[in-house]
Amino acid sequence: MSDEPVLEICDVVRAYPGRRAVDGASFTLPRGGISCLLGPSGCGKSSLLRLIAGLEPVDAGTIRLRGETVAAAGLTVAPERRGVGLVFQDNALFPHLDVAANVGFGLAGLAAEDRRARVAALLDRFHIAHLAAAWPHMLSGGEQQRVAIARALAREPSLLLLDEPFSGLDGHLREAVRDALLADLRSAGTSVLIVTHDPEEAMMIADKLVLMAEGRILQTGKPQDCYHRPVSIAAARLLGDLVVTEAVVTGGVATTPFGAVPTPNAPDGTARLVVRPDALIPGASGLPATVTRSRFAGGFYLVDATGAGGRHVSYRCAGDPPAAGAPVTLTLRADAPAMIVPADE
Amino acid sequence: MALPLIGVVLAALGSGTADIAARDIARYALTSAWLALLVGFLTAVTGTLAAWLVVMYRFPARGFFAWALALPLATPAFALAYGYADLFDVAGPLRSWLRAATGHDLPFELRSTGGAAFILSAAFYPYVYLAMRAAFLNQSVNVLEAARMLGCTGGRALWRVALPMARPALAAGVALAVMETLADYGAVQFLSVQTLTTGVVRAWSVYGSTVSAARFALPLLAAAALLLWIERASRRGATHETGKARWRTLDVQPLAGVRRWLAFGFCLSLLTAGLLLPVGWLIWNLAQTSPDWVRLAAATRNSLLLGFGGAILTVALATMLALGTRQWPVAARIASLGYATPGAVMAIGLLAPAGLIWNLAPGSGMAIAILLLLFAYAARLMAAALEPIDAGMARVTPSMRHAARTLGRGETGAAFAVDLPVARGALLTALLIIFIDVLKELPATLILRPFNFDTLAVIANNYALDERLGQAGLPSLLIVAISLPAVIWLTRRIATARPGV
């Protein structure tokens with residue numbers, strides 16, 4: 001039983017007048033661990049979250065929680081019966097209740113003594129015991145979020161959903177709050193699904209990534225796999241900048257402007273090479289180009305260059321950048337993952 | 001809730017012949033329009049000036065005036081009319097003394113359209129004052145500072161930016177004052193000013209003609225619809241004036257020298273005109289009367305019964321509507337149609353359905369009549385209750401409601417656990433507003449009340465019509481005494497409320 005997925009989404013469709021917010025999405029989440037649903041703004045990820053929570057009905061497809069079907073066409077199990085916790089982007093704390101009462105809100109069925117004990121334990125775990133008697137408007141953004149998460153966990157949901165939980169926090173605070181919170185969530189052992197549009201954040205915190213665009217799931221898997229072995233250009237673009245260029249495959253080897261790339265499984269013919277900017281380095285052979293400008297980006301310089309045929313490429317340069325107008329030859333790093341995709345994708 | 005309005009239109013189109021000529025209706029309508037114009041102008045000027053002084057400047061007793069200027073809301077307009085009429089009557093003590101002492105008389109006649117306009121303005125200026133005060137408090141300091149940066153002096157910034165921004169509030173406040181003017185029966189009837197509302201009641205009570213009454217009511221209904229539209233349209237304009245900018249305290253300028261006493265004097269004279277002078281005179285006169293305590297006690301009991309009953313029924317219906325209209329916003333608009341409709345018109349509209357019920361269940365007169373009366377109050381005051389309740393529930397975001405659902409509450413459970421507790425202050429506000437309005441209500445009560453069922457307002461009116469002003473004073477004062485604590489609580493709550501919180 002323990003390897004049964006906590007969540008199974010199967011061909012789920014949710015349409016609003018004029019558009020399909022969720023358009024045949026399918027994926028499963030294993031029990032435990034932190035997963036991130038990543039996609040650009042407006043791709044339907046928040047809608048999908050609301051469908052999982054039961055706040056909206058599905059038009060087609062099924063949603064199963066711990067093996068039980070909770071949503072299908074004509075079936076919507078009420079949100080209060082799903083055993084799912086949801087933390088809203090604005091935290092949605094109840095302004096008329098203090099912190100302890102907010103956290104205990106979902107425990108109405110419990111005896112007063114048990115409820116008090118459960119609330120105290122949660123306040124302790126999320127380091128907000130000193131705020132028990134405080135009112136929501138007195139709390140900082142990070143504190144409000146801890147209260148909202150403690151409140152959602154009070155009912156011991158099998159799955160905790162968080163909608164863009166860190167978007168309201170800024171700068172260095174964001175990282176500190178996020179790391180502390182994720183450590184607490186992991187120690188709680190709950191399965192967590194976090195919705196975000198920030199790829200770096202998603203890759204940093206997730207055990208499993210679910211990539212979504214235009215209402216569809218593009219790829220699921222470990223962050224490293226999704227980043228280095230994307231299944232499509234669209235999936236690859238979600239996780240960062242790309243360099244895409246033409247290639248010709250002959251006998252398991254792709255000939256590209258940057259040099260030859262072994263592609264044992266690709267059929268012969270024209271194709272496209274997809275690599276990350278950090279895969280390109282100056283070398284002896286490859287694409288001759290002229291540096292147009294370089295920009296400082298913290299740990300490295302991002303260098304723009306124009307190659308033969310007016311092709312624009314960018315690469316990362318760790319040391320001092322070349323001056324504008326300097327010639328450079330770009331080649332692929334030997335250990336860099338590269339993807340060859342059919343030319344028509 | 002729209003039933004009485006349909007009733008009026010149907011009755012007016014009825015085949016029965018009217019006993020009152022169209023010429024009379026036009027004459028009454030003209031008086032109503034003139035009165036509305038005068039009251040609109042007077043309340044706009046006095047209410048705006050008072051709000052501006054209290055918000056922008058520091059002068060003696062400013063903190064007191066901030067809430068006390070709204071206190072005339074506790075006095076029914078007819079009580080002011082009794083007080084002033086007695087004080088300034090040609091044969092009254094003040095004028096008799098003036099003639100004897102100086103040989104001259106005051107150059108005005110209170111029982112005139114002008115006199116009625118003065119009294120109604122003294123009673124209704126708080127509507128403008130409260131709306132303008134909120135608007136001035138809500139204005140963004142950033143906008144005022146931006147005007148300063150663009151070259152306006154402080155005074156010019158106020159004139160070119162603050163006042164135009166508050167125009168929607170002015171329109172809304174004046175519309176309320178004019179609505180109340182058109183709906184007033186007790187004061188104008190006593191001052192012998194023939195308005196459409198007195199026409200409605202007279203057509204019904206003297207001629208017993210529902211058709212005539214309904215024909216008087218039709219222009220009132222049209223005017224009410226127009227005012228309601230103005231008020232709502234202004235409110236839409238008012239929503240963007242608060243903006244999303246962070247709220248900062250306005251810099252209050254201290255007034256110096258004679259100007260601080262002018263400001264003090266102006267505020268004091270408003271409060272005196274709307275409350276202290278007429279109510280003080282009525283209290284002074286009490287000594288010379290021998291009240292009929294038994295009748296007063298029964299009327300007090302009836303007034304409280306109707307006040308509490310009306311408040312509870314209206315607020316309960318308004319709460320259900322507020323919760324329900326999240327799905328059907330149109331329902332709230334239909335239910336609010338009754339607002340601005342004078343009570344007399346509402347009562348006439350209910351007479352036909354009432355007749356049907358009485359014919360069906362003849363023995364149930366008393367209970368049915370009271371229920372109808374409560375229904376008339378609810379129909380007339382629904383919007384007044386809906387407005388604060390809606391505002392209170394606006395604090396509940398959709399995500400809070402959804403959070404309650406994911407935390408184990410059903411739809412109704414979420415309403416009881418989140419919406420109602422968050423809006424509890426607003427619910428209490430609505431209860432008190434309706435309670436006060438029902439206590440002061442006269443024409444609908446006159447028309448729909450069961451036989452021998454007197455309220456304080458009704459016996460005050462009856463005494464006054466018999467020119468027994470001393471006797472009319474006590475029930476009027478009892479209304480003031482009952483509603484004053486509620487009004488004080490309400491206005492202090494409004495005065496201390498920080499916008500944007």
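Predicted model: local features only at pLDDT ≥ 70, side-chain atom pairs only at ≥ 80, totals over all residues.
Residues are numbered from 1 along each chain as its sequence is written, chains are lettered from A and ligands numbered from 1 in the order in which they are written, and side-chain values use heavy atoms, with hydrogens and water left out.

Trainee: How many residues does chain B bring to the contact with chain A?

Mentor: Contact means heavy atoms within 4.5 Å. On that rule chain A gives 21 residues. The number from chain B is 18 residues.

Trainee: What area do chain B and chain A bury between them?

Mentor: The size of an interface is often given as the accessible area lost when the parts come together. Here buried area is the accessible area (1.4 Å probe) that two parts lose on being put together, summed over both. Carbon and sulfur atoms hold 66% of the area buried by chain B and chain A. The total is about 1,700 Å².

Trainee: Which three residues supply more than any other three of the area that chain B buries against chain A?

Mentor: Together they supply 38% of the area on the chain B side. They are His402(B), Thr406(B) and Leu407(B).

Trainee: Which side chains meet in a salt bridge across the interface of chain B and chain A?

Mentor: A salt bridge is a side-chain nitrogen of Lys or Arg within 4 Å of a carboxyl oxygen of Asp or Glu. The rule finds one across this interface. Its N to O distance is 2.9 Å, and the partners are Arg405(B) and Glu80(A).

Trainee: Which element gives the most to the side of chain B that touches chain A?

Mentor: Helices (H or I, at least four residues) and strands (E, at least two) are DSSP runs, numbered from the N terminus. Two elements of chain B, α18 (398-406) and α19 (411-422), each supply at least two residues of that side. With seven residues, the element that gives the most is α18(B).

Trainee: How far apart are the centres of domain 1 and domain 2 of chain A?

Mentor: The bounds, from an automatic or database domain assignment, are 7-238 for domain 1 and 243-342 for domain 2. Taken over C-alpha atoms, the centres are separated by 38 Å.

Trainee: Which residues of domain 1 of chain A lose the most area to domain 2 of chain A?

Mentor: Nine residues of domain 1 are in contact with eight of domain 2. The two domains bury about 720 Å² between them, 62% of it on carbon and sulfur atoms. On the domain 1 side, three residues together account for 64% of what is buried: Tyr227(A), His228(A) and Ile233(A).

Trainee: How many salt bridges are counted between domain 1 and domain 2 of chain A?

Mentor: Two residue pairs are in polar contact there, both at pLDDT 80 or more. A polar contact is a pair of N or O atoms within 3.5 Å; within protein, one must be able to donate a hydrogen and the other to accept it, and residues adjacent in sequence count only if both atoms are side-chain atoms. For salt bridges the count is zero.

Trainee: Is Arg14(A) buried or exposed?

Mentor: Arg14(A) lies in strand β1 (residues 7-16) of chain A. Buried means under 20% relative accessible area, exposed over 50%, partly exposed in between (1.4 Å probe, protein chains only). Because its relative accessible area is 14%, Arg14(A) is buried.

Trainee: Which side chain does a polar contact of 2.9 Å join to that of Arg14(A)?

Mentor: The side chain of Arg14(A) also reaches the backbone oxygen of Pro57(A) at 3.4 Å. The side chain joined at 2.9 Å is that of Glu56(A).
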